[in-house]
Every structure is written in C-alpha cells, then in structure tokens.
Amino acid sequence: MTFPLGATPVSDDVSLQINTDVTSGSGTDADIHARITCNNGAYSEDTLLDKDNYNDFEAGDRDTYLVAVDAKCDRLKTVTLSMRGGNPRYSDWKIQALSGALRGVKQPGLFRGDRWLTYGQSVDAQM
Ligand SMILES: [Ca+2]
C-alpha cells in the first residue's frame, strides 16, 4: 500500500475503563468485545477485551483496556460492548460505568436503560 507524500496514516489508541458492579453475581467469564466509533467516522475493529493471566470483569473490578482506532479520532461517539465466546455459563454481566480516554481527555459513557448484558447481546454507550 502506498500513501501520498505527507499523508502518513495515523491511528489512535483509546483507553477504555470499565467498572463491573460490586454486587454479587455481577461478574462474567464470557468474552467481552468493544467497538468504538468517533464523530469523524474513525472506528475500531470489534476488539476482544482480555488481559493475559487475569480474570477480567469480576464484581467490583475496574479494568482498563487499550483499543486501537483505524485513523485519528476527533472525539469518541459510541462504544458498543458485546458478549460472545468464552464461558456462557453464569455469563450475565452488570456494568457499573464506562469511560473512554483519548489523548488524555476522558469522556464518560451513558447507557440507555439496563446495564445487564447477557450472552450473545450487545449494549451501546453514548460518549
Ligand atoms: Ca471473569
């Protein structure tokens, strides 16, 4: 692939912080994916959120993941979390809060309605 002079392709990294609710049963062992969109149309692939040798998304956890966006992102627009893969047993997951940070600027996410996510489903946060 070639690019015109001066048109260096630039990508961005978004730091997603996700808090799992503290109440018993809020955690999950299913796989959680995130897809990010930006106001200027930049977006991320549907990215698995997983830390090596770590049990992600347990009750009371505050987990941070870096997600790569394909181009320069002007401002975060949406974050879609989806649950598929991993352990489908006892998979229901209660999200307490989500925020995204882009070049050090933090944006809180707003969920419409329920913050329980069940296997095979997805939920959108408006940023
Ligand atoms: Ca887990």
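Leucine 76 touches Val14, Ile36, Cys38, Gly100, Leu102, Gln107 and Met127, leaving aside residues up to four places away in sequence. Touching, or contact, means C-beta atoms, placed from the backbone, within 7 Å. The model is predicted: local features need pLDDT of at least 70, side-chain atom pairs count only at pLDDT 80 or more, and totals for chains, interfaces and linings use all residues. Residues are numbered from 1 along each chain as its sequence is written.

**Nonpolar core**
- The largest nonpolar core holds 25 residues, of which Val14, Leu16, Ile36, Cys73, Leu76 and Val79 touch the most other members.
- Two or more residues come from each of strand S1 (12-20), strand S2 (30-38), strand S4 (62-69), strand S5 (76-86), strand S6 (93-102) and strand S10 (122-126).
- S2 gives the most to this core, with five residues.
- Such a core is a set of buried Ala, Val, Leu, Ile, Met, Phe, Trp, Tyr and Cys residues joined through C-beta atoms within 7 Å.
- In soluble globular proteins, nonpolar side chains tend to be buried together.

**Overall fold**
- The protein has zero helices and ten strands (DSSP runs numbered from the N terminus: helices are H or I with at least four residues, strands are E with at least two).
- Its radius of gyration is 15 Å, close to the 14 Å that the globule rule gives for 127 residues, so the protein is as compact as a globular protein of that length.
- That radius is taken over C-alpha atoms, and the rule is 2.2 Å times the number of residues to the power 0.38.
- The C-alpha atoms fill a box of roughly 55 × 25 × 25 Å along the principal axes.
- Of the 127 residues, 27% count as buried (20 or more other C-beta atoms within 10 Å of the residue's own; exposed is 12 or fewer, partly exposed in between).
- Among contacts with a separation of 6 or more, 75% join residues 24 or more positions apart.

**Sheet**
- Five strands form an open sheet in the order S3-S2-S5-S10-S8, with antiparallel pairing.
- Strand S3 (47-49) and strand S8 (110-111) are the edges, each pairing on one side only.
- Pairing requires at least two DSSP bridges between two strands.
- S2 and S5 run antiparallel and are joined by eight bridges.
- Threonine 37 has threonine 78 in S5 as its bridge partner.

**Tyrosine 119**
- Tyrosine 119 lies in the loop between strand S9 (116-117) and S10.
- With 18 other C-beta atoms within 10 Å, tyrosine 119 is partly exposed.
- Tyrosine 119 touches Ala30, Met83, Pro88 and Ser91, not counting residues up to four places away in sequence.
- The C-alpha atoms of tyrosine 119 and threonine 28 are separated by 9.7 Å, with the two residues 91 apart along the chain.

Notes:
Two residues are in contact if their C-beta atoms, placed from the backbone, lie within 7 Å.
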